[in-house]
Structure formats: structure tokens, C-alpha cells
Amino acid sequence: MPSAERPDLDVLLPLDGAPRRLTGEDAAEPALCELYAHPEPRPGDPVWVRANMIGTLDGAATGADGRSGSINGDADHRVFRVLRAMADVVLIGAGTARAEGYGALAVAPELAAARAARGQRVDLELALVSRTGPLPDRLLDADRPPLVVTVADRPDLDALSDRIGADRVLVAGPDRVDLGLALAGLAARGLVRVLAEGGPGVLGQLLAAGLVDELCLTWSPLLVGGPAPRLVAHDDWFAPPLEARPAHLLHSGGVLLGRWLL
């Protein structure tokens with residue numbers, strides 16, 4: 001029987017024969033790892049940026065508590081842990097790290113063997129985008145602090161380098177974070193499978209710059225109302241709108257999990 005934490009997932013798309021169900025019996029998740037496998041690196045561009053977000057039916061990226069955790073559940077978490085295990089680095093805004101209470105990242109032990117077979121490092125890195133904003137002490141003082149993506153004119157740049165190590169600071173622009181430079185800096189460190197977990201502002205910047213290769217989007221069967229943030233925050237319209245095509249669509253208990261290629 002599947003674990004309560006790994007509910008069965010029905011494959012709605014692609015429709016390639018008989019209906020398919022991904023049970024939660026095998027914690028190593030071979031079927032999900034196959035569905036979410038990264039493509040081969042492109043000539044001259046090894047980085048693949050996969051964004052992962054969750055939203056409610058009324059378009060909210062968080063619940064009333066300002067956190068995405070209040071609108072997700074076991075089906076989303078089942079896919080979420082696989083996406084993290086397949087990534088080299090998780091990229092987020094510092095505001096998201098503060099709001100969501102991020103700590104040091106770890107790969108589920110049962111997914112570690114497949115990760116090693118793909119030639120990936122044992123550790124999953126965390127990269128925080130922060131121009132000048134505060135960074136959580138619990139992350140900076142961790143045994144393995146995050147990579148901090150920031151700017152050359154950050155007032156506390158030297159102190160930050162002393163605190164976490166100069167090798168953990170990635171300067172990506174003089175006064176504004178250039179996410180293209182940031183991705184190049186991550187690639188230079190061998191971190192080419194990038195999982196962008198938000199928030200909406202960072203996702204908006206990545207999309208506007210044409211840096212997102214795919215969007216993994218979970219629709220939570222909730223309506224929350226209120227002044228909730230949208231999935232994408234960007235001042236300007238995307239002109240023309242960005243087009244996406246579905247790679248697959250999964251379902252469990254009213255939750256829909258899509259993978260869209262941009």
C-alpha cells in the first residue's frame with residue numbers, strides 16, 4: 001500500500017495508452033525521476049532552470065499566513081522532494097527564505113542512490129538572491145552556509161564574505177542582481193540543474209529575462225481570497241506573453257501537478 005505521505009498520482013497527460021498510476025510504494029521514486037528527468041545539456045548552455053511553484057484556484061501563491069506551506073499537501077510534497085533530489089542548487093529570494101523559514105537543505109536518503117548514479121554531488125546547495133536585504137542568521141551560521149547572490153555595492157559585502165567565506169558569495173552585477181550572471185556563476189561551480197523556488201519576484205525576473213526552461217506548477221484545490229501574491233510578480237507585461245507547452249499533468253485528490261516547457 002502507498003504511504004500516506006506518498007499518495008498515488010494519476011498521469012492525465014501524456015495520454016499514451018492505458019491510464020497510468022504512479023503508486024507511492026517505492027520511496028526511491030523511479031517513475032517520478034523518469035518523468036522529471038533533465039534533458040541533455042545544450043551546446044554552449046549547460047544550465048537548465050526549473051521553476052517550481054504552487055497556487056490556489058484563485059491564483060494565490062500563499063495562504064493567509066504568507067506561506068506556501070499552508071496551501072500544499074502530501075501530493076505536492078511527493079513531487080517536491082523528487083525535484084529537490086534532482087537539482088544541484090535551489091535558487092530563492094532572501095525574502096522567501098525569511099518568510100518560509102528555510103533551513104539547510106538535504107536530499108531524502110532514499111533518493112540519494114539515484115542522485116549519485118546521475119553523477120550529482122551529495123550535497124544540495126542553496127543560493128539566496130539578495131541585493132542588500134537581511135539574511136537569516138540560522139542560514140549564515142549553518143555548518144554549510146548558502147551561496148549568496150548579491151551585488152558589488154552591497155554595504156556589508158566584506159563582512160558577509162568574512163562570515164560565510166568569499167567562495168560562498170557570488171557577485172552578479174554592480175548595483176542590481178543580474179540573474180543571467182548569477183546562473184553563469186552557479187554553472188562555473190558545477191551547479192547546472194537549477195531549481196527556482198521563488199518567490200514571485202525572483203520568478204518574474206527570471207521569466208522576463210528568458211531564463212526559465214520549465215515551470216512545475218501545482219494547483220491546490222483551495223480558494224483563499226485576500227490580498228495574496230500572485231505566482232509571478234513583475235511590473236511590466238510580458239510582451240508578447242510567454243508560451244508554454246505541457247510535458248505532463250498529474251492528479252491526486254483534486255491536486256493537479258503540471259510540468260510546462262517554456
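**Around the second largest cavity**

A: With 3 residues, strand E9 contributes the most to the lining of the second largest cavity (helices, H or I of at least four residues, and strands, E of at least two, are DSSP runs numbered from the N terminus). Before going on, note that this is a predicted model, where local features need pLDDT of at least 70 and side-chain atom pairs pLDDT 80 or more, while totals for chains, interfaces and linings use all residues. Numbering runs from 1 along each chain as its sequence is written, and side-chain values use heavy atoms, without hydrogens or water.

The lining itself is made up of Tyr-36, Asn-52, Val-79, Leu-83, Cys-216, Leu-217, Thr-218, Leu-257 and Gly-258. Alongside E9, helix H2 and strand E11 (255-261) each give two or more residues to this lining. The space has a volume of about 30 Å³, and across the whole structure there are 2 cavities of 30 Å³ or more. (On a 1 Å grid over the protein atoms alone, a 1.4 Å probe fits in a cavity but cannot get out; lining residues have an atom within 4 Å of a point. Volume is the space filled by probe spheres on points joined across faces, edges and corners.) The largest cavity, at about 60 Å³, has a lining of Ala-104, Leu-105, Leu-124, Glu-125, Leu-126, Leu-139, Ala-142, Arg-144, Pro-145, Pro-146 and Arg-168.

Cys-216 counts as buried because its relative accessibility is 3% (buried means under 20%, 1.4 Å probe, protein chains only). Its closest cysteine sulfur belongs to Cys-33, 13 Å away and therefore too far for a bond. Cys-33 also counts as buried, at 14% relative accessibility. The disulfide count comes to 0, a disulfide being a pair of cysteine sulfur atoms within 2.5 Å.

Tyr-36 and Val-79 lead from the cavity into the largest nonpolar core. Both line the cavity, and together with Leu-9, Leu-32, Leu-126 and Leu-250 they touch the most other members of that 39-residue core (buried Ala, Val, Leu, Ile, Met, Phe, Trp, Tyr and Cys joined through side-chain atoms within 4.5 Å). H2, residues 74-86, supplies the largest share of this core, 6 residues. Apart from it lies another core of 29 residues, including Ala-51, Met-53, Ala-127 and Leu-183.

E9 also leads on to open space. The second largest pocket holds about 530 Å³ (a pocket is an open set of points with protein on both sides within 12 Å along at least five of seven lines). Among its 19 lining residues, Leu-207, Arg-230, Val-232, Phe-238 and Leu-242 are the closest to its centre, and the elements giving two or more residues to the lining are H8 and E9, the latter spanning 214-220.

In H8, the buried residues are Pro-200, Val-202, Leu-203, Gly-204, Leu-206 and Leu-207. Following H8 comes Gly-210, with a positive phi near 70°.

Gly-93, Thr-96, Gly-198, Gly-199 and Pro-200 are the closest to its centre out of 42 lining residues. Two or more residues of that lining come from each of strand E3 (48-56), H2, helix H3 (94-100), strand E8 (193-198) and helix H8 (200-208).

Note on methods. Buried means under 20% relative accessible area, exposed over 50%, partly exposed in between (1.4 Å probe, protein chains only).
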